[in-house]
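Welcome, and please take a look at the sequence and the 3D structure below. A short briefing follows, grouped by topic.

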Amino acid sequence: MLSKSIFRIDRSILRPLVALLVMALAMSFLSENFATSDNFFNVMRQVSVNLCISVGMTLVILTGGIDLSVGSILALSGAVAAGLIKTGISCEGVNLYVSFTFFGVVVVALLVGAFLGWFNGLMVTRFKVPPFIATLGMLTIARGMTMLYTNGHPITGLGAQFEYLGTGWFCGVPMPVLVAAVVVVVFALFMRKSPWGRYIYAIGGNERASRLSGISVNRIKLFVYTMAGLLSAVAALIVTARLDSAQPNAGSGYELDSIAAVVIGGTSLNGGKGSIWGTVIGALIIGVLNNGLVLLNVSPFWQQVIKGLVILLAVIMDRMSAKEQA
Amino acid sequence: MKPTLDTVLLEARQITKRWPGVVALDGVDFRVYAGKVNALVGENGAGKSTLMNILSGVYADYEGEVLLAGQPIRFRTTAEAQRVGVTMVHQELNLIPQLNVAENIFLGREPLNLLGMIDYDRMHREAQQHLQRVGFTHDSHTTLCDLKVGEQQLVEIAKALSLQARILIFDEPTSSLSEQETQTLFRLIDELKKDGVGLVYITHKMDELSRLADYVTVLRDGHLIGEHRVHDTTTDEIVRLMVGRERKDLFVKNDHPKGEVALEVRSLSLEKRLQNRTLKLDDISFEVRRGEVLGIYGLMGAGRTEVVETLFGLHGAEARGVLRIGEREFLPQSPREAMDAGIALIPEDRKHDGLVLGMDIARNTTLASLVKVLRWGSIDRKREEAEAERYRDELAIKSHSVYQLTGELSGGNQQKVVLAKMLRTEPQILLLDEPTRGIDINAKNEIYKLIDRLAAEGRAVVVISSEMPEIMALSDRILTLSAGRLTGCFNRTEFTEEALLKASLPTV
């Protein structure tokens with residue numbers, strides 16, 4: 001019964017699912033390198049980063065908000081992780097040095113991401129800053145802090161454990177894919193089965209009615225922004241580990257791929273409608289598209305144009321089906 | 001109607017306006033006379049605003065005809081009506097808060113200079129002249145949102161003057177004006193009468209009739225009851241005409257024993273400024289017993305909704321006063337706190353405040369009491385479905401399943417889902433704000449019976465309604481409100497429509 005309800009496919013994600021299958025099928029005819037196991041895992045590894053971020057983004061968008069700061073939060077959490085594992089914390093005056101274990105680093109990086117997300121949530125709930133502006137501010141703040149922390153230089157050479165997280169395999173599955181899969185299943189469960197998941201949908205559907213039903217709207221909103229930050233930090237660990245390096249400009253533009261994945265997956269930007277599974281398919285569509293266009297030797301400039309058109313097409317189709325129903 | 005000697009400027013003949021499922025106006029005639037005030041009176045929902053919205057071009061879709069100086073005319077927009085001199089001063093202000101006074105007055109018809117740019121000097125000069133006539137004392141550069149509501153109303157009137165209106169319609173203009181502003185407005189109306197302007201004046205204040213009006217036209221339930229010369233009639237007569245409908249007994253109330261006091265409200269006060277109006281309650285005290293249905297009656301803007309919203313914790317920060325439930329004395333600061341104390345609110349606007357329309361019946365039913373269908377911290381969908389089914393049967397919610405979206409249901413069934421949601425919180429005190437607005441007669445009757453049953457089971461029920469027969473049929477006692485104050489308390493034996501209406505009419 002559990003598995004049935006978690007993997008139950010909504011009618012709303014049928015359309016993106018069909019689009020994904022058609023695209024994958026077309027690619028495998030157009031390029032002989034597409035349907036190989038190497039390329040499959042390659043795509044999956046690439047998708048896993050965007051997917052972690054997009055799960056958090058789905059939560060935020062379901063409440064009717066938006067988070068533009070995910071890329072910058074990724075950069076700062078990644079830089080902090082890399083910095084701590086390489087040099088720890090040292091205070092020259094008091095002759096104090098703290099070194100971190102791998103797990104210590106993971107926890108701190110996640111806390112950094114969660115805190116920045118929480119700060120976004122605080123701006124939105126306590127100070128009534130529109131989500132677009134609040135997270136736009138954080139986009140700049142976190143990027144600037146990354147530059148301050150790294151002096152604008154990458155931090156490289158992070159050791160074997162980190163390398164395993166990025167490039168290792170576990171039971172025949174690449175680690176990044178495993179991490180993303182765990183994130184997806186946990187949050188899909190959360191959204192479907194927990195009261196808070198239900199409240200997230202309710203708030204996006206009708207905030208006033210939710211409030212009048214005794215739901216603590218601000219607490220839930222604070223939670224979704226915190227989760228978006230936390231999941232950006234999860235993505236940061238994967239990115240940093242894969243490259244064995246924290247880049248100061250890591251994650252720039254990731255918010256756009258993430259929003260695209262959520263929207264293509266059928267989640268309404270007005271909130272209240274959508275699903276984690278839709279976002280999974282959306283992220284896969286973007287991943288297949290990125291990968292396929294490279295394999296087909298399409299120029300990077302054209303790739304951007306095509307990606308933009310796909311996003312527009314997805315939203316137009318969504319709008320048209322909404323009108324049919326009305 | 002008797003023929004009169006006064007010149008008719010504008011005449012409406014046999015106007016009928018239908019909304020889906022409702023006839024708002026049914027074959028109504030109305031006239032505007034040059035240099036005279038025709039006051040339009042009637043209860044909430046009588047069709048006054050609808051009629052004036054037709055005459056001023058807000059609604060273009062109606063049956064019947066409008067004659068301007070004897071010529072048939074049909075306004076498609078308010079701008080069209082204004083061009084030929086018909087202007088309405090709305091009760092809810094149609095001004096832009098971020099612009100200044102002069103910019104608001106000339107919005108969309110700014111005086112231009114030779115370069116096609118706005119001639120601000122001329123604009124402010126002309127604005128100032130009109131503002132002077134209405135007794136507006138601030139500078140025309142003042143930003144609108146810095147003004148009090150009454151002052152904004154004056155700007156709205158100045159704007160109407162600037163349009164050189166030959167026919168001017170006022171919709172309850174004095175409801176937000178101070179005594180002094182009201183007197184200035186009255187003098188202005190006298191002047192306009194001398195200039196031969198035709199005036200329509202919608203009001204609930206009976207004493208304004210004798211001061212201002214030459215004619216009074218009474219509407220009731222979308223029908224024209226009659227047009228009278230003010231000299232030939234009395235206030236009592238008009239009140240009788242406003243309410244004098246035949247009794248249709250839909251529902252016979254059962255008498256149940258009353259228990260102890262379930263809720264005592266002491267000195268409830270509220271002052272909350274919103275963008276274009278102020279919510280205000282002034283020292284309201286009352287009590288409700290178990291098994292009792294307490295009605296609250298009042299005209300639009302009397303503060304009825306504010307009372308129940310405050311009891312439900314929606315104005316925690318701005319409200320003062322104390323609720324006593326059992327031994328506990330407190331003032332709820334949030335809906336959650338109110339619900340935990342056993343209070344439930346069925347809000348007036350079920351689409352905006354009651355339901356998540358994109359969610360199904362089951363999810364809406366459990367939304368306010370989700371903890372009760374949890375197992376190991378996760379939602380037990382089987383139990384949720386069973387619960388929703390139980391309420392669907394009990395309240396006879398018509399739908400093809402509990403998984404139908406609430407947005408697809410009829411008004412009556414939507415209201416039942418809201419009721420189901422709040423009943424699941426097992427409240428001891430139910431606050432129902434206009435529980436039958438916009439729903440069909442059968443669903444109404446079902447809700448009346450439900451209210452009766454809830455009281456019989458020992459709950460305390462507070463019902464707000466604008467429909468007098470409804471509130472009189474349902475209630476054991478009725479409180480009347482006017483301008484945020486308690487103005488009367490009637491026991492069942494004392495219920496008459498005249499008495500209730502009189503107690504709710506504001507005094508100048």
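Helix packing is described here with axes, which are lines fitted to C-alpha atoms, for helices over the stretch in contact, and with angles that run from 0 to 180 degrees between N-to-C directions. This is a predicted model, in which local features need pLDDT of at least 70 and side-chain atom pairs count only at pLDDT 80 or more, while totals for chains, interfaces and linings use all residues. Residues are numbered from 1 along each chain as its sequence is written, and chains are lettered from A and ligands numbered from 1 in the order in which they are written.

**Helices of chain A**

- Helix α3 (residues 37-62) of chain A packs with helix α8 (residues 175-193) of chain A at about 30 degrees, their axes being 8 Å apart; helices (H or I, at least four residues) and strands (E, at least two) are DSSP runs, numbered from the N terminus.
- That angle makes α3(A) roughly parallel to α8(A); angles under 35 degrees count as roughly parallel, over 145 as roughly antiparallel, 65 to 115 as roughly perpendicular and the rest as oblique.
- The crossing of α3(A) and α8(A) is left-handed, a term used if the near helix is turned anticlockwise from the far one by less than a right angle (right-handed if clockwise).
- The residues making this contact include Met44(A), Val49(A) and Val55(A) of α3(A), together with Val177(A), Val183(A) and Phe187(A) of α8(A); two residues are in contact if their C-beta atoms, placed from the backbone, lie within 7 Å.
- By class, the contact of α3(A) with α8(A) has 12 nonpolar, 1 polar and 1 charged residues; here Ala, Val, Leu, Ile, Met, Phe, Trp, Tyr, Cys and Pro count as nonpolar, Asp, Glu, Lys and Arg as charged, and the others, Gly among them, as polar.
- Follow α8(A) to another partner, helix α11 (residues 217-243) of chain A: their axes come within 11 Å and cross at roughly 170 degrees, which makes α8(A) roughly antiparallel to α11(A).
- Here Pro176(A), Val179(A) and Val183(A) in α8(A) meet Leu231(A), Val234(A), Ile238(A) and Arg242(A) in α11(A), a group with 6 nonpolar, no polar and 1 charged residues.
- Helix α4 (residues 70-87) of chain A packs with helix α12 (residues 254-264) of chain A at about 125 degrees, with axes 7 Å apart, and the two are therefore oblique to each other.
- Val70(A), Gly71(A) and Leu74(A) of α4(A) meet Tyr254(A), Glu255(A) and Ser258(A) of α12(A); these residues divide into 3 nonpolar, 2 polar and 1 charged.

**Where the chains touch**

- Chain B gives 24 residues to the contact and chain A gives 18 residues.
- On the side of chain B that touches chain A, α10 (335-340), α11 (350-354) and β18 (378-379) of chain B each supply at least two residues.
- That side of chain B divides into 14 nonpolar, 5 polar and 5 charged residues.

**An open sheet in chain B**

- In chain B, 6 strands form an open sheet with mixed pairing, in the order β6-β7-β8-β3-β9-β10; two strands pair if DSSP finds at least two bridges between them.
- β6 (86-89) and β10 (223-229) of chain B stand at the edges with a single partner strand each, so one side of each is left without a neighbour in the sheet.
- From one strand to the next, the twist averages 15 degrees.
- Strand β9 (residues 215-220) of chain B runs antiparallel to β10(B), joined by 6 bridges, and Arg220(B) stands opposite His223(B) in β10(B).
- Helix α6 (residues 179-194) of chain B packs on this sheet, touching β3 (37-41), β7 (167-171) and β8 (198-202) of chain B, and its direction makes about 145 degrees with that of β8(B).

- In strand β13 (residues 293-298) of chain B, 6 of the 6 residues are buried, so the strand is largely enclosed by the rest of the structure; a residue is buried if 20 or more other C-beta atoms, placed from the backbone, lie within 10 Å of its own, exposed if 12 or fewer, and partly exposed in between.
- In a regular strand the side chains alternate between the two faces of the sheet.
- Val293(B), Gly295(B) and Tyr297(B) point one way from β13(B), whereas Leu294(B), Ile296(B) and Gly298(B) point the other way.
- β13(B) runs parallel to strand β20 (residues 460-464) of chain B, with 4 bridges, and also parallel to strand β21 (residues 477-482) of chain B, with 5 bridges.
- Gly295(B) stands opposite Val463(B) in β20(B), and Tyr297(B) has Thr480(B) in β21(B) as its bridge partner.
- Leu500(B), in helix α17 (residues 497-504) of chain B, is buried, with 23 other C-beta atoms within 10 Å.
- Leaving aside neighbours within four places in sequence, Leu500(B) is in contact with Tyr297(B), Met468(B), Ile478(B), Thr480(B) and Phe490(B).
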